[in-house]
Amino acid sequence: MSVTPDLDRRTLLRRAAAAGLLVTPAAGLLSACAGSTPSQNDDSAGEKSNDNPFGVQDGSAVKVVIFNGGLGDAWAKEDQAIFNAKYPNVTVNMSSTQKIKTEEQPKMATQPSDVVMNSGADMMDISTLVNEGAIEPLDDLLAAPAWDSEGTVADTLLPGTVGDGTYQGKFFVVNVAYTVWGNWYNSVLFDKEGWTPPKTFDEFFALAPKIKAKGMAPYVYDAVHGYYPRWALMATVWKSAGKQAVIDIDNLKENAWRAEGVLPALEAWEKLVKDKLLLPGKLDHTQSQQAWLDGKAAFIQVGTWLKNEMAATIPPGFEMKISDYWGLGATDKAPNDVYAGAGEGIVVPAKAPNKAAAKEFLRAVLSKAGSAKFAELTKSLASTKGSGDNVQDAALASANELMKNASSDLISIKLWNFYADLDKESQNLSAELMAGRLTAAQFVDKMQAAADKVAKDSSITKQTRDA
């Protein structure tokens, strides 16, 4: 990979704030879909061919809704141009919003949009959409010929993209951004001061006094949205305890949160808080990012949508680069695993009136031309291989360099998308730990109790992963 989802700041990012967003209202709004099976025969399809695998009909219209967040929406307009160059007689009605759930969820059981980018803090819960049969399986999209390259669409995608969009054995979510997460720093400042970006918490703790001596906080983070610190916490857990430990956590295995290496990983973050190495104040994502750009903190952890999101306020002479999340050192079971994956998920509602054009539009989004424009405009990688090959940007280059040295195993956490209530609890507890109101041991106890509650609830559909 190499880029933003939420996996997404949203999913991921598809990892974002899905929890608690489809509680009581969801049942009513999606009830008409409950128990339904997405259609295998698309009434909107016309004659099919290798060049038109879904049978897009001339004179039809397709409604596309784009989440306009950190990555903006200019890239989607380029995809519209690519699509209409091939289908000039198909009308693309494109709109942008940050209120996906508010605006799109009420339509899901009646006449929804054809293509919905389900991302951001107001996203619809994916597990509910899947369980209710509210979105269309897109395995036929993966099997379709690539838009402008050899092989199938699946052949063109970066590692993890298919898995990140697969639920209950079917592919439902096209995650268009390939996000790399880690700790960001100003390389100009670090070169000037002779500082080396740390690789372990011990190295960070050794560097912290030098940073404070310059009048800066060593670290800043989004203290408003609990899913932000959670990325860093779980990346450290993975590095320390290893891949299998996190797979067991995702699979609700008994006492998974008590596996060797989990508590020490969280204790490193507890020490960071107790040693007062955080910039004071309850800042949200853009406020914390701006404080970092203003030189108030040396490190911030987010994904590779950062540069595009803050493009308007990056100071002259500031060169942002990303480094890997810190591990604990010699005891780490997966020290070289990088947190990266596909995010910013797009779905096709099961009751979309023009599924043929919707899937064909997604084929255009995943094209070489479309993904190259995505990388150029967002300074983030797309989920299609080679998207950033011709983009000259230091931030993107540092993400690519991080990926070159990464293990074949990529850090990925599934429970956030598997279980909305557990997702919400993990956000709340992550925020409490980073605020100093919870110890690492208490965090483990509470997360284990929350996981046990879900595991014992027979009314909750269980999902598993094996890789």
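# Briefing: charged pairs and a nonpolar core

Arg437 counts as exposed, because its relative accessibility of 54% is over the 50% cut-off. Its partner in a salt bridge is Glu432. The model described here is predicted.

**Salt bridges**

- The count for this model comes to 22 salt bridges.
- In the pair of Arg437 and Glu432, the side chains meet at 2.8 Å, N to O.
- Glu432 is partly exposed, because its relative accessible area of 27% falls between the 20% and 50% cut-offs.
- Asp445 and Arg258 also form a salt bridge through their side chains, at 2.8 Å from N to O.
- This pair links distant parts of the chain, 187 residues apart. Asp445 sits in helix H19 (residues 440-456). Arg258 sits in the loop between helix H10 (243-250) and helix H11 (262-274).
- Both partners are partly exposed: Asp445 has a relative accessible area of 38%, and Arg258 has 46%.
- Lys77 and Asp73 make another salt bridge, at 3.9 Å from N to O.
- Asp73 is buried, because its relative accessible area is 15%, and buried means under 20%.

**A charged network around Glu360**

- Which residues does Glu360 join in one network of salt bridges? The network holds Asp51, Lys86, Glu360 and Arg363, connected by salt bridges that share partners.
- Glu360 belongs to helix H14 (residues 355-365).
- Is Glu360 buried or exposed? Glu360 is buried, because its relative accessible area is 0%.

**The largest nonpolar core**

- The largest nonpolar core has 149 residues.
- Which members touch the most others? They are Tyr219, Trp257, Leu272 and Phe299.
- Helix H9 (residues 227-241) gives the most to this core, with ten residues.
- Where does the core lie? It lies between domain 1 (40-178 + 341-400) and domain 2 (180-333 + 413-456), because both give residues to it.
- Tyr219 has contacts beyond its neighbours within four places in sequence, including Leu272 and Phe299.
- Other contacts of Tyr219 include Phe204, Ala232, Trp269, Leu277, Leu278, Leu279, Ala297 and Trp326.
- Asn183 and Gln301 are also in contact with Tyr219.

Definitions and conventions. Residues are numbered from 1 along each chain as its sequence is written. This is a predicted model: local features need pLDDT of at least 70, side-chain atom pairs count only at pLDDT 80 or more; totals for chains, interfaces and linings use all residues. Side-chain values use heavy atoms; hydrogens and water are left out. A nonpolar core is a set of buried Ala, Val, Leu, Ile, Met, Phe, Trp, Tyr and Cys residues joined through side-chain atoms within 4.5 Å. Buried means under 20% relative accessible area, exposed over 50%, partly exposed in between (1.4 Å probe, protein chains only). Helices (H or I, at least four residues) and strands (E, at least two) are DSSP runs, numbered from the N terminus. Domain bounds come from an automatic or database domain assignment. Contact means heavy atoms within 4.5 Å. A salt bridge is a side-chain nitrogen of Lys or Arg within 4 Å of a carboxyl oxygen of Asp or Glu.
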